[in-house]
Protein chains: 2
Amino acid sequence: MLDRLIAPDIKAAIDSGDLSQILDFFRAAHAADAAEILAGLAVDDDLAILKLLEPELVADIFSELPDTLQTELAGLLTPAELTGLASDLSPDDRVDLLKTMPEERMAEVMQGLDKPERDEVKALVLWPEGTAGSLMTTEFIALPASLTVTQAMARIRKEAVDKESVYNSYVVDAAGRPLGVVNLRDLILAEPEATLRQIMDDQLPTVAASADDEESTWKLARYDLVDLAVVDEAGVLVGLVTHDDAMDNMEREHTEDMERFMGITGTADDTSYLRTPVWTHFRHRVGWLVVLTVLGLVSGLILEGFEDLLTGLMVLAFYMPMLVATGGNTGSQAATMVVRSLALKELAPRDALRVLWKELRIALLLCLVLGALAFGRVWLFTGAGDLPAGITVVSVGLTITLALVVQVISAGLIGALLPLTVARFGLDPALVASPALATVVDITGLLIYFSIARLVLGL
Amino acid sequence: MLDRLIAPDIKAAIDSGDLSQILDFFRAAHAADAAEILAGLAVDDDLAILKLLEPELVADIFSELPDTLQTELAGLLTPAELTGLASDLSPDDRVDLLKTMPEERMAEVMQGLDKPERDEVKALVLWPEGTAGSLMTTEFIALPASLTVTQAMARIRKEAVDKESVYNSYVVDAAGRPLGVVNLRDLILAEPEATLRQIMDDQLPTVAASADDEESTWKLARYDLVDLAVVDEAGVLVGLVTHDDAMDNMEREHTEDMERFMGITGTADDTSYLRTPVWTHFRHRVGWLVVLTVLGLVSGLILEGFEDLLTGLMVLAFYMPMLVATGGNTGSQAATMVVRSLALKELAPRDALRVLWKELRIALLLCLVLGALAFGRVWLFTGAGDLPAGITVVSVGLTITLALVVQVISAGLIGALLPLTVARFGLDPALVASPALATVVDITGLLIYFSIARLVLGL
């Protein structure tokens with residue numbers, strides 16, 4: 001929204017060719033706000049503005065830009081400029097930038113970096129996207145347990161200048177394995193002669209670098225941490241996931257969960273809805289829609305199989321949309337609850353029986369209400385004259401009510417069981433998208449409906 | 001999951017009547033883990049264990065318990081115990097606890113609190129649930145800008161002992177309005193004689209206490225903050241929203257969004273799926289289901305209106321489920337994208353035209369694929385012999401394809417427009433639940449389908 005308020009002034013400055021007027025704005029603004037403005041301008045103008053700003057400021061703003069714009073801008077920089085930028089970025093942002101480049105370019109930039117910067121990159125690129133390692137920064141302060149508070153403060157004063165997160169210092173053993181943590185408050189309040197071992201908090205949650213990034217976000221939130229220690233296979237402290245990266249990751253995961261749940265594929269990058277090209281939106285949506293439409297055609301085949309029933313008793317067709325939709329809705333509700341509870345680690349796949357028992361009871365209560373509704377509708381609004389000989393209003397009402405009851409119960413159970421099964425195999429339960437579930441329930445619903453009609457009405 | 005690993009030992013200790021064996025566990029465990037264990041035990045056992053632990057530890061664990069269990073336990077404590085507990089809790093947790101009590105009890109506990117504690121409560125209860133004020137803590141360090149670094153450190157040493165968040169100290173003017181912020185790192189690295197005014201960061205995002213709590217979460221994430229300054233109407237600093245409370249709030253908001261989107265009402269408290277009673281689940285789900293089932297019956301009325309068409313050309317019924325489901329799916333996809341983009345503030349209601357233009361183009365691309373699919377299915381699998389005289393396979397194929405195209409386009413536009421409209425009136429766009437949308441699109445879809453059939457086939 002910001003860009004619409006300030007962009008006109010910026011455009012005026014660009015038109016007049018005098019960018020210096022707006023540099024003060026970028027120097028005073030928060031990097032996130034400056035990035036939002038730049039994202040609303042043409043790439044050429046972005047480049048012109050960034051070239052006038054101080055390198056550290058450029059790095060701050062750059063790391064807040066949408067991924068696609070970062071890639072585009074990086075492509076327009078000279079190798080020397082790119083190396084300068086890469087070296088000003090924090091290690092995790094540096095790796096993210098390098099990952100977007102063609103290999104040749106990456107090698108060129110790596111060549112230009114200092115040895116320690118190169119080493120940081122090498123330590124981070126090991127971890128694939130989606131792991132805690134890919135989310136971490138390698139800038140942290142590690143101190144031996146034998147230091148006194150005074151010694152520790154001296155070390156922190158020396159090291160803190162260019163570290164991303166300095167609220168916490170980690171106490172490690174000789175091999176670099178974390179023993180505990182001290183925060184700056186503890187240090188300031190402690191006796192100067194106390195050792196870190198005496199004052200550290202040894203309840204230190206850690207996460208494996210190879211663990212899922214959601215694991216790290218979950219631990220940060222559960223234990224109310226500012227940063228979370230990341231360890232390698234040997235238990236050595238290799239980095240930190242900071243609270244701000246965890247929060248961004250949480251938002252990204254939420255977006256992906258919701259999109260997957262609606263059958264939208266692709267990873268949620270940070271390009272906004274309006275800036276994502278129509279073609280990309282199309283590609284992310286078309287896959288599941290085609291699958292579901294084909295499955296929808298299966299419903300048609302089922303109807304064809306029951307053509308005689310339908311022609312004999314057209315009133316059955318009138319209740320079909322309600323029956324199918326109610327199944328889809330109850331199934332989606334159950335699936336939503338289970339998917340979300342799995343994400344919050346309130347449930348595990350082995351809880352399947354307890355979940356099914358709970359959903360069964362919920363479905364039975366829902367059946368009481370919805371069944372009465374359906375029966376009442378048939379009873380009140382169906383004229384006996386519309387029905388063929390031998391079929392009574394009550395028997396039609398019973399058919400539809402019974403079908404609805406079986407449909408609601410089976411949809412609730414399927415809705416709960418599908419995500420649990422998918423999770424059992426280590427996949428994302430949100431993959432059992434709500435539309436996919438609704439389509440499955442469409443098909444089972446039609447089979448239930450017409451089978452019950454055949455049985456009850458004897459057609 | 002933790003409770004299943006450790007609970008047996010605890011149960012054994014309870015059975016043997018010797019709780020002292022397990023106290024060490026609760027003393028060593030993180031409060032969040034201890035709370036998870038307690039939530040898995042009987043309330044009486046919880047009470048017995050908590051009474052054996054140190055008061056500060058009890059407060060830490062208590063604040064991590066699910067809301068419903070907190071209320072239950074509070075009901076079992078004597079007024080004196082309750083006052084002790086309330087006074088050990090941090091101000092925001094204290095207020096949350098007080099809010100759950102009957103008024104009489106609350107007055108009794110308030111009576112027992114110290115004057116400053118009572119004042120904190122009074123300052124916090126002003127802000128209703130859902131505001132930034134209700135999320136904040138009143139424990140923060142405020143310093144005048146004229147202090148030197150040495151003076152500031154002395155003040156912080158004195159005040160920090162019992163403050164919830166001490167990473168940042170806020171620099172305020174004489175009226176208490178925030179001027180900037182200094183974190184402990186800045187203080188440690190600064191010249192001892194520098195004043196706070198010289199070293200503070202004056203780019204200080206703030207949030208109004210009366211603002212929506214999502215606003216505070218969003219600012220914390222956007223500006224990568226550890227805590228966010230909350231100001232009252234006069235611009236005076238009254239509290240902080242801390243990163244951990246913001247993260248919890250983010251998770252809660254996301255659960256609510258997903259549930260609302262699936263037509264599940266009620267607020268997401270922190271009681272887990274399995275511990276929520278069946279009756280509560282039922283109440284949260286039944287409302288929308290009844291509304292949707294009634295709307296589903298409207299679909300039946302539409303079908304009744306087109307009974308002659310259906311009896312004349314039964315093949316139309318076979319494509320009905322596919323047509324209706326595809327509309328629901330495309331509509332839900334569009335709605336999901338728009339709801340999520342609104343939540344991330346990438347979109348505002350006034351962007352409606354740009355969104356519609358984008359969705360129109362996406363829908364047209366989708367129509368190319370899905371329309372070809374539908375036409376191919378009719379063309380390949382419909383025998384001319386099944387059709388009445390005067391109706392050709394091609395004309396049926398055209399009818400169904402045209403209906404699908406109109407359905408996909410209208411569903412996409414309705415899916416995008418509904419949440420934007422709801423947001424325009426200041427309501428939560430997730431209220432236009434996916435099932436609600438699907439039901440609306442069911443009804444428009446049937447109208448579109450049979451109107452087009454009547455037109456094209458001249459029946």
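A crossing of two helices is left-handed if the near helix is turned anticlockwise from the far one by less than a right angle, and right-handed if clockwise. Helix 22 of chain A passes helix 19 of chain B in a right-handed crossing. Helices here are DSSP runs of H or I with at least four residues, strands are runs of E with at least two, and both are numbered from the N terminus.

The model is predicted: local features need pLDDT of at least 70, side-chain atom pairs count only at pLDDT 80 or more, and totals for chains, interfaces and linings use all residues. Residues are numbered from 1 along each chain as its sequence is written, while chains are lettered from A and ligands numbered from 1 in the order in which they are written.

Stay with the crossing. The axes of helix 22 (residues 434-457) of chain A and helix 19 (residues 315-343) of chain B come within 10 Å and cross at roughly 165°. Axes are lines fitted to C-alpha atoms, for helices over the stretch in contact, and angles run from 0 to 180 degrees between N-to-C directions. Helix 22 of chain A is therefore roughly antiparallel to helix 19 of chain B (under 35 degrees counts as roughly parallel, over 145 as roughly antiparallel, 65 to 115 as roughly perpendicular, the rest as oblique). Pro435(A), Ala438(A), Thr439(A) and Asp442(A) meet Pro321(B), Ala325(B), Asn329(B) and Ser332(B). Contact means C-beta atoms, placed from the backbone, within 7 Å.

Now the whole interface. In total, 92 residues of chain A are in contact with 93 residues of chain B. Helix 19 (residues 315-343) of chain A gives the largest share of chain A's side, 16 residues.

Next, look inside chain A. Its domain assignment gives domain 1 (2-128), domain 2 (142-246) and domain 3 (277-457); such bounds come from an automatic or database assignment. The centres of domain 1 and domain 2 of chain A, taken over C-alpha atoms, are 30 Å apart.

Helix 5 (residues 55-64) and helix 7 (residues 79-88) of chain A pack at about 75°, with axes 9 Å apart. Helix 5 and helix 7 of chain A are therefore roughly perpendicular. Pro55(A), Glu56(A), Val58(A), Ala59(A) and Phe62(A) of helix 5 meet Gly84(A), Leu85(A) and Asp88(A) of helix 7.

Two strands pair if DSSP finds at least two bridges between them. Strand 1 and strand 2 (residues 168-172) of chain B pair in the parallel sense over three bridges. Pro144(B) stands opposite Val172(B) in strand 2.

Definitions and conventions. Two residues are in contact if their C-beta atoms, placed from the backbone, lie within 7 Å.
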